Amino acid sequence: MYELKTKETENSVIEFIEKVDNPKKREDAYKLLDIFTETTGYPAKMWGPSIIGFGSYHYKYASGHEGDAPLVGFSPRKAKISLYFATGVTERDELLKDFGKHTSGKACVYINKVADIDVYVLEALIKQSIAFLQRTYG
């Protein structure tokens, strides 16, 4: 049976952020912590060793694979800051046009720093992702 690596833990979000080497990235992590907490209304929790997640949902795929995941989250990684949103949100690309400097993958949007993005668009992306997941998974 597949063992999910990214699970909610009891580790301290603040302690994790304090261990971020780059002072600018640490400062941005605190800014994102405030934005995500205020926008979601959920407390920040550590998911695995390096993802700060907000809220959670239970998913089950047709293959039978199931698990829990944060509704949204972020991780201040060495190279870039990863922002985690729901996959399958078709309207996301429309919002990303006005987001600012970023790159994106299937579920992640990568930024260098908070100053590069439009915080209002970030808030809209967070709300959009949560609404999509709650519609999809209840």
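**Rings.** I found F36, F54 and F74 linked into a cluster by ring pairs (ring centres within 6.5 Å; planes under 30 degrees apart are stacked, over 60 edge-to-face, the rest tilted; rings of Phe, Tyr and Trp, with its six-membered ring, count). This is a predicted model, where local features need pLDDT of at least 70, side-chain atom pairs count only at pLDDT 80 or more, and totals for chains, interfaces and linings use all residues. Residues are numbered from 1 along each chain as its sequence is written, and side-chain values use heavy atoms, without hydrogens and water.

**Pairs.** My search of the whole structure gave 5 aromatic pairs. One of them, F36 with F54, is stacked, at 5.3 Å centre to centre and 25 degrees between the planes. F36 lies in helix α2 and F54 in strand β2, so this pair ties together parts 18 residues apart in sequence (helices are DSSP runs of H or I, at least four residues; strands are runs of E, at least two; both are numbered from the N terminus). The F36 and F74 rings have centres 5.3 Å apart and planes at 40 degrees, so I noted that pair as tilted. It links F36 in helix α2 to F74 in strand β5, 38 residues apart.

**Burial.** Are F36 and F74 buried or exposed? Both are buried (under 20% relative accessible area; exposed is over 50%, partly exposed in between; 1.4 Å probe, protein chains only). F54 is buried too.

**Sheet.** I read an open sheet of 6 strands, in the order β1-β2-β5-β6-β8-β7, with antiparallel pairing (two strands pair if DSSP finds at least two bridges between them).
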